[in-house]
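This report describes the fold of one protein chain and a few of its residues in turn. The sequence and the model are shown first.

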Amino acid sequence: MKKPYIALFAALALSTAGVYFTMQSTHHDARAMDMGVKAGTLTLAGATARFIIANRPGTVFLTIENAGDADKLIAAASSIADKVELHSHTMDNGVMKMRHVESIDVAANATTELKSGGFHIMMFGVKELPASGTMIPLTLTFKKAGKVNIEAMVGEPGASHSHSTTN
Ligand SMILES: [Cu+2]
């Protein structure tokens, strides 16, 4: 009587292992993102994307840890967006303004944070609003580290970034 159960358990264990190895061997998934994606001396972690409503630009924040020489984030792209830009936020007479920048410096042996009120990545022309909790693909290009594929977790639309406030 017990044998079928053991066989079933073994089959389940094997299929679980199969899924695990598939996830490990494919490009970066949510689990890998938690650990950070490594590229040369860089570790990219905690990428999150925020979308307010369809046809409005989405914002991406992440942390770039650099264990080596200075680098530069020079471009970003995504298969779900028409255009992805690097932006800065600066205070201008008490008003937060954003500006399209050519690059974002990644300091040597330091952590660079792309965050609300600072440097960030903006996605334009995202036709279908990604559901919160899903992962969206993003390719970041660094001057030294080259192209790095990451995935950003889509956050709640309510906690979104706006260009006219500090949020
Ligand atoms: Cu912006």
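Ser 88 counts as partly exposed, because 13 C-beta neighbours fall inside 10 Å, whereas a buried residue would need 20 or more other C-beta atoms within 10 Å. The position of Ser 88 is in strand β5, and the coordinates discussed here come from a predicted model. Once neighbours within four places in sequence are left aside, the contacts of Ser 88 are Met 98, Arg 99, Val 101 and Phe 119. For one of these, Arg 99, the separation from Ser 88 is 11 residues in sequence and 5.2 Å in space, C-alpha to C-alpha.

**The chain as a whole**

The chain contains 2 helices and 11 strands, and in sequence order these elements follow the pattern α-α-β-β-β-β-β-β-β-β-β-β-β. Of the 167 residues of the chain, 25% count as buried. Among the contacts with a separation of 6 or more, 67% are made by residues 24 or more positions apart.

The mean pLDDT of the chain is 81, and 74% of the residues reach 70 or more. Over residues 8-33, however, pLDDT stays under 50, and for this segment the model has 16 contacts beyond four places in sequence. Where pLDDT is low, the predicted coordinates should not be read in detail.

Strand β3, residues 58-66, is mostly covered, with 7 of its 9 residues buried.

| Partner of β3 | Sense | Bridges | Residue pair |
|---|---|---|---|
| β9 (residues 120-124) | antiparallel | 3 bridges | Thr 59 and Met 122 |

**The nonpolar core**

The largest nonpolar core of the model has 29 residues, and those with the most contacts inside it are Ala 47, Val 60, Leu 62, Leu 138 and Ala 152. At least two residues of this core come from each of β2, β3, β4 (71-77), β5 (83-92), β7 (104-106), β9, β10 (135-142) and β11 (146-154).

Which residues does Ala 152 contact when its neighbours within four places in sequence are left aside? The contacts of Ala 152 are Ala 47, Thr 48, Ala 49, Val 60, Met 135, Ile 136 and Leu 138.

**Two asparagines in loops**

Asn 93 is classed as exposed because it has 5 other C-beta atoms within 10 Å. Asn 109, likewise not a glycine, has a positive phi of about 45° and lies in the loop between β7 and β8. With 11 other C-beta atoms within 10 Å, Asn 109 is exposed, since a residue counts as exposed at 12 or fewer.

Note on methods: Residues are numbered from 1 along each chain as its sequence is written. This is a predicted model: local features need pLDDT of at least 70, side-chain atom pairs count only at pLDDT 80 or more; totals for chains, interfaces and linings use all residues. Helices (H or I, at least four residues) and strands (E, at least two) are DSSP runs, numbered from the N terminus. Two strands pair if DSSP finds at least two bridges between them. Two residues are in contact if their C-beta atoms, placed from the backbone, lie within 7 Å. A nonpolar core is a set of buried Ala, Val, Leu, Ile, Met, Phe, Trp, Tyr and Cys residues joined through C-beta atoms within 7 Å. pLDDT is the predictor's confidence in each residue, from 0 to 100.
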